[in-house]
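Please keep the sequence and the structure at hand while reading.

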Amino acid sequence: MRPFSYARATDLAQAVHLGRQTGQGQTDAPVQLLAGGTTLYDLMKLDVMVPDRLVDLGPLRPKLSSITPSAEGLHLGALAKMAHVAAHPVVQADYPALAQSLQLAASAQLRNMATLGGNVLQRTRCSYFRDPTWAACNKRNPGSGCAALTGFNRNHAVLGTDSSCIAQYPGDWAVALMALEADVSLTGPLGSRRLPFASLHRLAGGQPQFETNLQPGEVITAFFIPASKRAQRSVYVKVRDRTSYEFAIASAAVALEMDGDLVRQIRISLGGMAYRPWRAEGAEAVLTGKPLTEANAEAAGRAALAGAAGHGHNDYKLTLGPQTVVRALMQAKALPPASRKA
Ligand SMILES: Cc1cc2nc3c(=O)[nH]c(=O)nc-3n(C[C@H](O)[C@H](O)[C@H](O)COP(=O)(O)OP(=O)(O)OC[C@H]3O[C@@H](n4cnc5c(N)ncnc54)[C@H](O)[C@@H]3O)c2cc1C
Ligand code: SF4
């Protein structure tokens, strides 16, 4: 770890001001915002991130950590802790995929420390990214190549990759946010804006060092998840190498609204398999207006992985991915119908 200076932001305006040299999730940005620290400190200790200054968001917590359900939806402050949100009775009852994705992530200690905003901005677990003794990593060292392409890539993505980077997005909660069509609120030097969560993360596009569409200095302040029948009948399924304290090798979130025996509306998203949190619209189209039979679920699983490409060690995801989607669909089907009217 290298020397750095530390500042505590007393309010949001000061956080934006002090944080204006933060990049768009870039590894080499000279200033980093500090929330729970569970991603940031790790990467600083590994010498992967070497900021000159940390801007601690801790003093903003009283204003930015509320959990506020209403008839329209769920408002979550970006500094709310993962554990608090996962344990909230309204989240569990009306947005179960959200609660499950948080509960299945990391460990109890980490969930007690880590915040929602930090969670969606966590970095890839690609071991070449996390070990600076490997020269070739376009995400850490732009233009240097990608060691994973010809190296060990068992945990890497099969969707949304290009030759500049095949890293997988590692988080769980973002996958549930995609299926529940969340929005994210930001405040930065040019003011505040709200955008669909689906547009927060970028594809690599030859520049994997830019991971998000955050502008320099922008702070994530909140998430909003609209209330709906399908949010109430939602599920998050996570497949991993061991049953706790492990990242997903495949995951799927499903939000389902039935009309009798037919699928009225459905949202499906994937984790552990894609470069960024991934919505599987092709799979949704396969099921809409049809009965949710095992055969139709299998067809949707295949559609969800359409265009996927393995890189050798991760070829197994081409089989595991569709199976994970089928499992999530069957679990959603087995849930009782939503009690909401609309
Ligand atoms: C051993 C281990 C296992 C894990 N397992 C899982 C798992 O199974 N599933 C899973 O989903 N996650 C897992 N995680 C990741 C963990 O969930 C994240 O580290 C955590 O959510 C990050 O939140 P934080 O508040 O600690 O972020 P920090 O480390 O404080 O920040 C992370 C990044 O986000 C930026 N940032 C933070 N808050 C804001 C904000 N409000 N606005 C703008 N930028 C911000 C910071 O500048 C930093 O770059 C694991 C982590 C560890 C260490
Ligand atoms: S997959 Fe991405 S993060 Fe991993 S070595 Fe290649 S460029 Fe770096």
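A polar contact is a pair of N or O atoms within 3.5 Å. The model discussed here is predicted, and the distances below are to be read as values computed from it.

## Surroundings of ligand 1

In the side chain of threonine 115, an N or O atom is 2.7 Å from an oxygen atom of ligand 1, and for the side chain of threonine 38 the distance from an N or O atom to a ligand oxygen is 2.7 Å. Glutamine 122 also takes part, with a polar side-chain atom that lies 3.2 Å from an oxygen atom of ligand 1. On its own, ligand 1 has 980 Å² of accessible area, of which the protein covers 94%.

Two or more residues of the shell come from each of the elements β2 (31-34), α2 (40-45), α8 and β8. Around the ligand there are 31 residues, and those that come nearest are Leu33, Thr38, Thr39, Thr115 and Asp172. By class, the shell divides into 15 nonpolar, 11 polar and 5 charged residues.

## Nonpolar cores

The largest nonpolar core has 41 residues, and Leu98, Val120, Phe197, Phe223 and Ile225 have the most contacts inside it. Several elements each supply at least two residues of this core, among them β5 (73-77), α6 (96-103), α8 (116-120), β8 (219-226) and β10 (250-259), while α10 gives the most, with 7 residues. A second, separate core of 31 residues includes Ile249, Met273, Leu287 and Leu305.

Apart from neighbours within four places in sequence, serine 101 is in contact with Asp172, Trp173, Ala176 and Tyr236.

Aspartate 56 lies in strand β3 (residues 53-56) and, with 9% relative accessibility, is likewise counted as buried. The side chain of this aspartate makes a polar contact of 2.4 Å with the side chain of tyrosine 6. When neighbours within four places in sequence are left aside, the residues in contact with aspartate 56 are Tyr6, Ala7, Arg8, Ala9 and Leu34.

Definitions and conventions
Residues are numbered from 1 along each chain as its sequence is written. Chains are lettered from A and ligands numbered from 1 in the order in which they are written. This is a predicted model: local features need pLDDT of at least 70, side-chain atom pairs count only at pLDDT 80 or more; totals for chains, interfaces and linings use all residues. Side-chain values use heavy atoms; hydrogens and water are left out. A nonpolar core is a set of buried Ala, Val, Leu, Ile, Met, Phe, Trp, Tyr and Cys residues joined through side-chain atoms within 4.5 Å. Buried means under 20% relative accessible area, exposed over 50%, partly exposed in between (1.4 Å probe, protein chains only). Helices (H or I, at least four residues) and strands (E, at least two) are DSSP runs, numbered from the N terminus. A polar contact is a pair of N or O atoms within 3.5 Å; within protein, one must be able to donate a hydrogen and the other to accept it, and residues adjacent in sequence count only if both atoms are side-chain atoms. Contact means heavy atoms within 4.5 Å. A residue is near a molecule or strand if one of its heavy atoms lies within 4 Å of it. Accessible areas come from the Shrake-Rupley method with a 1.4 Å probe; for residues, only the protein chains shown count as cover. Ala, Val, Leu, Ile, Met, Phe, Trp, Tyr, Cys and Pro count as nonpolar, Asp, Glu, Lys and Arg as charged, and the others, Gly among them, as polar.
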